[in-house]
Amino acid sequence: MASRIRPGNGQVFESEKPTLMSKSKEHLAKALAETGYVADEGLATALVLTDMLSRPLLLEGEAGVGKTEVAKALANLEETDLIRLQCYEGLDRSDAIYEWNYQRQLLAIKAREGSGADADAVEEAVFSEKYLLERPLLAAIRQEKPPVLLIDEIDRADEEFEAFLLEILSDYQVSIPELGTVPATSIPRVVLTSNGTRELSDALRRRCLYHYVDYPAPDREARILLSRVDGLDAALALQIAELMGNLRKEDLNKVPGVAETIDWAAALLGLGVKKLHDSRDLVFDTLVCVLKTREDQAKVTREVTDRLLGKVA
Amino acid sequence: MSTLRLETHEDVGAVLRERLAGFVRTLRDNGFKVGLAETRDALQLIRTTLVKHPKSLKAAYRCLFCGRQSDWKRFDELFDAYWLERGLKTGVKVTGSSPKKGMKTIRELMDAQGTKQETLAGDVERQPGEEDEDSDDTPTGRREGASIAENLGQVDFRNMQDPDALEKAHDLAERLARAMRVRLTRRDRQRRKGPRLDLRKTIRHSIAHGGTPIELIRKGPRHRQLRLVILLDASGSMNNYTSVFTRFVHGMLDNFREAEAFLFHTRLVHVSSALSERDAARALDRMGLMAQGIGGGTKIGEALADFNRWHAARVIHSRTCVIILSDGYDTGDPAALGEEMKRLRRRCKRIVWLNPLIGCEGYEPTAGGMQAALPHVDLFAPAHNLDSLAALEPYLAEL
């Protein structure tokens, strides 16, 4: 029997988890790259630490820098399930942890009414596993193989939700009054993401490891492009990444993220662009892939595009 | 032999522990929220093979100790200063440092304003009820007498020096805040077909009827707070009002958990953290320290541009009401102000511009900045006395 992880008792536990994570961060970065996620060194360290200290990882950063992708890549890497809880305003226990299947319970009670069954037995039957609806948080702690639990955009949820999330993240158990306490069969790797639309509580921040995800540097963005867009030329990828780096420094309403870069690269590739400087018109016309508001499109004129192109080697 | 080795090993451990404790203290002094659990984990990390090199130790500790972006940005510097003993470049706090001298605090400003008011009492516009008792040579006379209290609501803040009056302004702000609290969520507005059933409660109640759900319980509306963002002008032209408005804003922040306050003159300062102090006097002191240089000129356009660029995405969402407290006298470019107002308008639910000058007779919003801003303002209201603030209540409550 594998010893259950008891977070908070000061043990850096030696887990029986897959071996990839217990390797060094260089290995991890390489393994992540194979799944299509190009991690920087800091992020690889953070991921190794989440495993060593069994703390959740809080990723903060602008929209579109690839926070959610981290969790997906991690799940891919571990060949385990990704359980995702998308947060929104008004998210509550019954949507996040568990709910009884009331309709079925009512039916079951009705069906047994005539049979003269013992009331206690009916109650026992009705409040059993069969009638329990698992929601993401409960599902995550009841997997055989530790899954990756992605709690996306935690800043959109209410503060009350944050409080009981904190409870689950520290004890890894859920108490259901009718059933008793459900302990974790495995401890999920937890990744939280936040766009910073609301200030998170200090308690939650303290509980988590923190990593700030910035827009990737041009060489890293180029590597991301190469891993995501098939058939893209390395030189073109670097050119695109450099141009994007400069474009992000412009005063834009909505700064384009990595997803936009990938779209744009695919568009340029599809149009047969070999070198940005040779097809200035196409570059200008396809900027709709990255500029998503009217003001931004008005701001990045042909002259601005030419100036940006001038900075690209 | 083995015992000897063990001892030296433990000595090294003790030294390290002490150094680490010192580091944690430094972090706490710099506003990092670091608990015992983090220190413990940090100790464990030292013992692992992960950390053989200062660079990876730094990366690991950064993950562990940082809680927010501002921590993240400062961490490297603190780490280098402590462990690698490199000099500090920018404002890192050393324990026990005293606040800088020579800054103008808001309280000083309030005091200064008090004396100025008294010497200039003759210029001050008279209020009904104070005419007979009040004369130029007995300025203190204005502070007493029942007739004053009755008319407090109409007294222009310029003329209000009484602590009681300020206290009342505070109370009023609280009432205002309460009225604005209740709000239905998006989900509730979706419920065109009637409220959702609360099955858990319905079943519980059906026990009395042998399991037949006769009584249907529905989910009640969720009460939601409205978010307020207050931008307070603290320039020289607003001197007469700054003190009472800061109290008013402090009252707002007391009651709203979701409220942010900014102060601006020639630049923009985020003062929410100072105002979260419960004691009003201390809150104002802290705010005064943060908002160095108040009482100067105003560049509303630039302040708003700063706000739009650095803060708006974080503090504004669709249920936000932005309140600007300013007289609209702007030394910046009116066109720029108009542009920034337009950007702000698109982000938030509503913009309220409170202008104390509206209370003055014959005031027309002719100042260039005010003209440029007006088209984007949803409510342009006076804010020169308590009654005018109270009149806002119904308007803001229905947001």
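Visitor: What stands opposite A:Leu58 in E8(A)?
Guide: A:Leu192 does. The model is predicted, with pLDDT of at least 70 needed for local features and 80 or more for side-chain atom pairs, while totals for chains, interfaces and linings use all residues. Residues are numbered from 1 along each chain as its sequence is written, with chains lettered from A and ligands numbered from 1 in the order in which they are written.

Visitor: How do you know that strand E1 and strand E8 of chain A pair?
Guide: Pairing requires at least two bridges found by DSSP between two strands. E1 (residues 57-60) and E8 (residues 189-194) of chain A are joined by four bridges and run parallel, so by that definition they pair.

Visitor: What makes E2 and E9 of chain A edge strands?
Guide: Strand E2 (82-86) and E9 each pair on one side only. They belong to an open sheet of five strands with parallel pairing, in the order E2-E5-E8-E1-E9 of chain A. Helices (H or I, at least four residues) and strands (E, at least two) are DSSP runs, numbered from the N terminus.

Visitor: Why is strand E5 of chain B called largely enclosed?
Guide: A residue is buried if 20 or more other C-beta atoms, placed from the backbone, lie within 10 Å of its own; 12 or fewer make it exposed, and anything in between partly exposed. Five of the six residues of E5(B), residues 350-355, are buried, so the strand is largely enclosed by the rest of the structure.

Visitor: Which strands of chain B are joined to E5(B) by bridges?
Guide: Strand E4 (residues 320-325) is joined to E5(B) by five bridges, running parallel; here B:Cys321 has B:Arg350 as its bridge partner. Four bridges join E5(B) to strand E6 (residues 379-382), also in parallel, and B:Asn355 stands opposite B:Pro382 in E6(B).

Visitor: What makes a crossover right-handed?
Guide: With the strands pointing away from the viewer, the path from the first strand over the helix to the second must run clockwise. E4(B), helix H14 (residues 334-347) and E5(B) make a right-handed β-α-β unit. The crossover from E5(B) through helix H15 (residues 368-373) of chain B to E6(B) is right-handed as well.

Visitor: How many residues of chain A are in contact with chain B?
Guide: 25 residues of chain A are in contact with 28 residues of chain B, where contact requires C-beta atoms, placed from the backbone, to lie within 7 Å. The largest share of the chain A side, eight residues, comes from H2(A).

Key
Two residues are in contact if their C-beta atoms, placed from the backbone, lie within 7 Å.
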